[in-house]
Amino acid sequence: MAAVIAAAGLIQPDASATGHAGPAAAPASGPQAAAPDPAAVTYPLDCKGLPTAVTATAQGDLDGDGRPETVVAVRCDAGSGTPPHTIYVLAQDKAPGSAPRVVATLLEAGKRQTATELTVRDGVVTASLLGYSSPQVPRYSPDVKQLAKWRWSGGKFRQELTNSDARSV
């Protein structure tokens, strides 16, 4: 959790924005910036030598600076099984030619959940997550479905809501 908070501190609203630090803020002028390219990032996910796979992306202005961020669901590309996902937020520096970078981790692989849907709407990141109620549940049959939401607030991402129902999915 401390890593999420520390990494989230790297995203700061742009001082040249209209002064409103919410998703409705717009840049003072100029063309809309492109969202960070998920293929141009090296993810801090330990895959023990295996490659990573980006399985879902969503874009939107999460911190109200008028520049879009990209949210990505990433897992190890194991070739079989269902490796858990990590959900990262990517940002692009304003300097021309700068590479996109990971600025926050919303979901860690250690939670052993799989993201089936990922959206950004009105500054809110929403993910449908599949997981397991106990270690005895077979990894091919998740029995917990959650709807998780995160919003940039007070200089960090805060998880707003998690609905859970333990049932076969």
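A residue is called buried when its relative accessible area is under 20%. In this predicted model, C76 has a relative accessibility of 15% and therefore counts as buried. C47 falls under that cut-off as well: at 6% relative accessibility, C47 is also classed as buried.

These two cysteines are linked to each other. A disulfide is a covalent bond between the sulfur atoms of two cysteines. Here the bond joins C47 to C76, with a distance of 2.1 Å from S to S, and a search of the whole structure finds one such disulfide. The torsion about the S-S bond is -90°, and the link of C47 and C76 is left-handed.

Strand β2 pairs with β1 in the antiparallel sense, over eight bridges. Within this pairing, A58 stands opposite V71 of β2. Strand β2 is also joined to strand β3 (residues 86–91), by five bridges, and these two strands likewise run antiparallel. In this second pairing, V74 stands opposite T86 of β3.

How far is β2 enclosed by the rest of the structure? Seven of the eight residues of β2 are buried, so the strand is largely enclosed by the rest of the structure.

How values were computed. Residues numbered from 1 in each chain as written. Predicted model: local features only at pLDDT ≥ 70, side-chain atom pairs only at ≥ 80, totals over all residues. Heavy atoms only, no water. Disulfide = S-S within 2.5 Å. Buried < 20%, exposed > 50% of the residue type's maximum accessible area, 1.4 Å probe, protein only. Helix = DSSP H or I, 4+ residues; strand = E, 2+ residues; numbered from the N terminus. Pairing = 2+ DSSP bridges.
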